[in-house]
Amino acid sequence: MGCKSAMKTGFLCRQWGVLVVLLSLWLPQSFSQQTTSPPPQQKNKLKVRLAGFPRKHNEGRIEVFYNEEWGTICDDDFSTENAHVLCRHLGFISATGWTHSSKYGRGAGKIWLDNVQCSGSEKSIADCRSRGWGNSDCTHDEDAGVICKDERLPGFMESNVIEEVEERVEEIRLRPLGAMAKKRLPITEGIVEVKYKGSWAQICDDGWTPKNSRVICGMLGFPQERKVNKNFYKRIKKRDAKTKGKIIGSGNREKSKPKPKPKSKLNEDAESGTRLFAKRQQNKYRLHSVACTGNEVHLSVCPLQFYKINATRACEGGTPAVVSCVPGPQFSLGNSQKKKTQSMFRVRLKGGAKTGEGRVEVLKENEWGTVCDDRWNLQAASVVCRELGYGTAKEALTGARMGQGMGPMHMNEVQCSGQEKSIWNCQYKNITTNDCRHVEDASVKCNIPYMGYETLIRLRGGRNRHEGRMEVMTGVDGNGIEQWGLICGEGWGIKEAMVACRQLGLGFANSGLQETWYWDGSNVTEMAMSGVKCTGSEMSLSHCQHHGDSVNCKSTDTRFAAGIICSETTSDLVLNAPLVQQTVYIEDRPLHMLYCAAEENCLSSSASKANWPYGHRRLLRFSSQIHNIGLADFRPKAGRHSWVWHECHRHYHSMDIFTHYDILTVNGTKVAEGHKASFCLEDTECQEGVSKRYECANFGEQGITAGCWDLYRHDFDCQWIDITDIKPGNYIFQVVLNPNFEVAESDFTNNAMKCNCKYDGDRVWFHNCHICDAFSEEAEKQFEQYPGQNNQI
C-alpha cells in the first residue's frame, strides 16, 4: 500500500470511528424513548375519540388512534387524572368521572395502553407513564371510559377528535301492521326501523338471522325472540305486486274506460302491508348485512353495513326485516299469574324507583344476598334482566348506586357470555372474608317494553314537574280532545303515590297528599277515580284496587283531590336482625320505676290495675339498630315546630309511632304488643366516609343519614314488650319500622323483622331472626308453620 492510499484509509477509519461513537451514544436513547411514547411528530397527530353505547356525546369508551389503528385503553390503574387529560384532549374543560369493565361495550382491535398514570397536567395521554404502546395483559372486558363535563374549552377547533360518525344507530322501533296492532301495547311484532337524521328507515332482511332478532328484542325490552310468520308477509308482497301491475296496465286506458266499480275492501293488515312494500321502492333502507352473535346488548355492537346515501339499488330482491318478540310475564299475564311466576325466580331487583331497575339480589340456600360489583358488566347485567322477563341491560351499575343490601353477599366477579338462562349459569367466585362490602353491591337498569302508562295520568298545579294534583284520563270526546278527571283523596297515601310516581317516570314518592286545594291549577273538577288501594309495586294505578266506574267519594270538592310529590332519591330503613337475637333478655322491673313508661303507654293494659307502686312488670328487652340503606336521609314527617314535648322523659317526640313490637301466636293472634315513639332520631354511627348529620342534643335536627344507623339500646325506656300476662309457649316475635308509612321509603317489604321465640316462664330464647323479605317463600312458610322448633340456645 502506497503512502497516499494509507493516509486516505486512515482518514476514513477515523471518520467511521467518530460515527460509530455517535451512533453508540444516540441509538440506545432513541430506542428507549420509542417504548414509552411516540415521536414528537406522531404525538402531535395522536387522535382520541369517544365510542360505545349507550352514551351521551360527552361520555363513552376511550379510543386512541396510534400507528394507523384505533385501539382502547385498559382500566388497570386508571384514575380521574387520566380522565382529565383525555377530556381536555377531546375539547372538554375537565372530567366528572371514569368507568371501568367496558361499561360502554367491548372495543375491538388493539389495547394500546395499560397501567396509565397521569398527574393530570399532561397535554396528551402519550405524556403519561404507562407500560408502553401495545404492551398490555388486558382483554376488552377491561376497556376504560370517561365522562367529561359538558362544557367546551374556549377556542377549541379540533372537531376530528370527537367521534362524529354518520354511520350509527341512534334508536330503533317496531312498526306494526294494521291499526289494531298499533293500539295493542306492548308492540311485539313489526317492521324493524332505525332512526336516521330525524326520520325512520328500514333494515334489509337479506341474510337476517334469529340472532339479529334476539338483539332487537332485547333492546326493546323483551327477553327473547320468536319465529315470524313469513307466509303472511309473502302474501302481502304478492298482493302488492299484482296491485302495482294492474295500476300500470290500466294507466293509459283510464280516460277511455268508464269508472270501475268500487273494489271490495281489503283487510286492514293487507293494506298496511301493501303500503309497506311500496315503500321498498322509495330507497328508505339504512342497514343491510347485520351479523349479530345474539349476545350483544345493542345493535351498534353488531357488525353492520350501511347503505350509502346515493345508493340506487338498495335491498334488491329483499324486503324490510320483520321481528317478533316474546314479552315477559309482567307484560303479558294477569296479576295472579305474575305473582306466581315471580316467586319462581332465583334473582330479584330491590331499591329501584322504576320497573326493571334495582340492586341485584340472588337466592342461595333459601337466603337472599347481593352481588359484588367486581368485573360487573353489561353482559352479566343483561342475563339478569332477561331472566326476570325484561330485555337487555341499559346500564350495569357499580358502587351500590341503588342502595346497599343487608345480610350476605353471594357472588363476586360474575362473568357471563350473554347466552346463559340464569346468572347462576355464569362463572363467578364465592365471597371470601374481606373480599367485598355492601358499598360494592351491583345494580342494573333493564330495557322494558313501552306500555304508554305515563299517558294515562298527569300532574297539574305543582311548583315543578315532580309535584301536583293527580288527574286521570277518562277518554276522548268526538273531537279527539282528551277528557280528564280527578282522583278522590280518601285513603290516598304513600303507597299510591309510589305507583303514581313510577308510572310518570318521576322516581320515588316523597308524599301522598289527600288535600290539594293549593294546586287548583286546571279546569278539571269532577272525580273520576276513588277507593284506590295499592301495594306499592304496581306499574300503573289501573293495576291497583279501586271502585271502577262507580265513583264513591264522600268529599267531592276539588280541594280533596289526591296529589303527589316525587323525588329522585329516598330513604330505606332496615333493622339489624342478628343484634336483636344477641341482646334479648327478661327483666322484672319494679312498678315505682315505670311511671314515665306508663305515661307513654309502654306497658300492657293490665298494668293500670296493678297495685302501684308495689309489685313489678316482666319486660322482654332487646336492642334495635336501625340502618338507613337508602340514598336519602330519613327525616320525620313533621317539622320541629310540631314536635311534642314529654316532660317525664324530658325529650321531644318527632313521630308518635316509629316502631311496633308484637308477640304473635302460631296462627298470628297478637298476645302482647309495644311501641316506640321516635323520641330521638339521630346518627349513632356511620359507615366509613359518611359524616353524622343529626344529633338530638340542644333541640337539634332529628333524622338518620343515608349510610348511618340509630341505636336504641336495650336499657332505654320503652325498648321492650310487657310480657307479664303471657303464658309459656312458642311464639313469633315481630318488629315493624315506620308501621303507618308516615315517611317515604324506597321499599317497605324490608321494614319488618321476625324471630322464633320460646318462653318457658322464666327464660326466653330467640332464633331465626331475619328481615321478612330475606328468606325464600318456602323458607318463610316453614318458619311460620313451625315456630320454636330446632332451638339453638
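1. Arg 49 lies over the face of Trp 70, at 4.0 Å from the ring centre. In a second case, the charged end of Arg 152 sits over the ring of Phe 92, 4.7 Å from its centre. A charge sits over a ring if NZ of Lys or CZ of Arg is within 6 Å of the ring centre and within 35 degrees of the ring normal.

2. A word on the basis of this note. This is a predicted model, in which local features need pLDDT of at least 70 and side-chain atom pairs count only at pLDDT 80 or more, while totals for chains, interfaces and linings use all residues. Residues are numbered from 1 along each chain as its sequence is written, and side-chain values use heavy atoms, with hydrogens and water left out.

3. The protein has 13 helices and 40 strands. Helices (H or I, at least four residues) and strands (E, at least two) are DSSP runs, numbered from the N terminus. Of the 793 residues, 50% are buried. Buried means under 20% relative accessible area, exposed means over 50%, and partly exposed is in between (1.4 Å probe, protein chains only). The accessible surface comes to about 40,500 Å², and carbon and sulfur atoms account for 49% of it; such areas come from the Shrake-Rupley method with a 1.4 Å probe, and for residues only the protein chains shown count as cover.

4. Contact means heavy atoms within 4.5 Å. Among contacts between residues at least 6 apart in sequence, 72% join residues at least 24 apart. Ser 443 gives an example of a residue with such a list of partners. Ser 443 lies in strand S20 (residues 443-446) and is buried, with a relative accessible area of 0%. Leaving aside neighbours within four places in sequence, the contacts of Ser 443 include Gly 358, Trp 376, Glu 395 and Met 402.

5. How many of the 11 residues of helix H10 (residues 494-504) are buried? The count is 10, so H10 is largely enclosed by the rest of the structure. Among the buried ones are Ile 494, Glu 496, Arg 502 and Leu 504. The cover over the buried residues of H10 includes strands S21 (457-460), S22 (467-476), S24 (508-513) and S26 (563-567). Just after H10, Gly 505 takes a positive phi of about 70 degrees.

6. In soluble globular proteins, nonpolar side chains tend to be buried together. A nonpolar core is a set of buried Ala, Val, Leu, Ile, Met, Phe, Trp, Tyr and Cys residues joined through side-chain atoms within 4.5 Å. The largest one has 36 residues, of which Ile 663, Phe 733, Met 753 and Phe 766 touch the most other members. Elements that give two or more residues to this core include helix H11 (577-583), strand S33 (659-664) and strand S38 (729-737). A second, separate core of 32 residues includes Leu 378, Cys 416, Cys 426 and Cys 446.

7. The structure holds 14 aromatic pairs. Rings of Phe, Tyr and Trp (its six-membered ring) pair if their centres lie within 6.5 Å; planes under 30 degrees apart count as stacked, over 60 as edge-to-face and the rest as tilted. The rings of Tyr 595 and Trp 612 have centres 5.1 Å apart and planes at 45 degrees, so this pair is tilted. Tyr 595 lies in helix H12 and Trp 612 in the loop between H12 and S29, so the pair ties together parts that are 17 residues apart in sequence. Tyr 595 is partly exposed at 44% relative accessible area, and Trp 612 is partly exposed at 22%.

8. For Phe 622 and Phe 733, the ring centres are 5.0 Å apart and the planes at 75 degrees, so the pair is edge-to-face. Phe 622 lies in the loop between S29 and strand S30 (624-628) and Phe 733 in strand S38, so the pair ties together parts that are 111 residues apart in sequence. Both residues are buried. Phe 622, Tyr 661, Phe 733 and Phe 766 form one aromatic cluster.

9. Some backbone details are worth checking by eye. The peptide bond from Leu 185 to Pro 186 is cis, with omega near 0 degrees. A cis peptide bond also joins Trp 612 and Pro 613, with omega about 0 degrees. Asn 738, in the loop between S38 and S39, has a positive phi of about 45 degrees although it is not a glycine. Is Asn 738 buried or exposed? At 1% relative accessibility, Asn 738 counts as buried.
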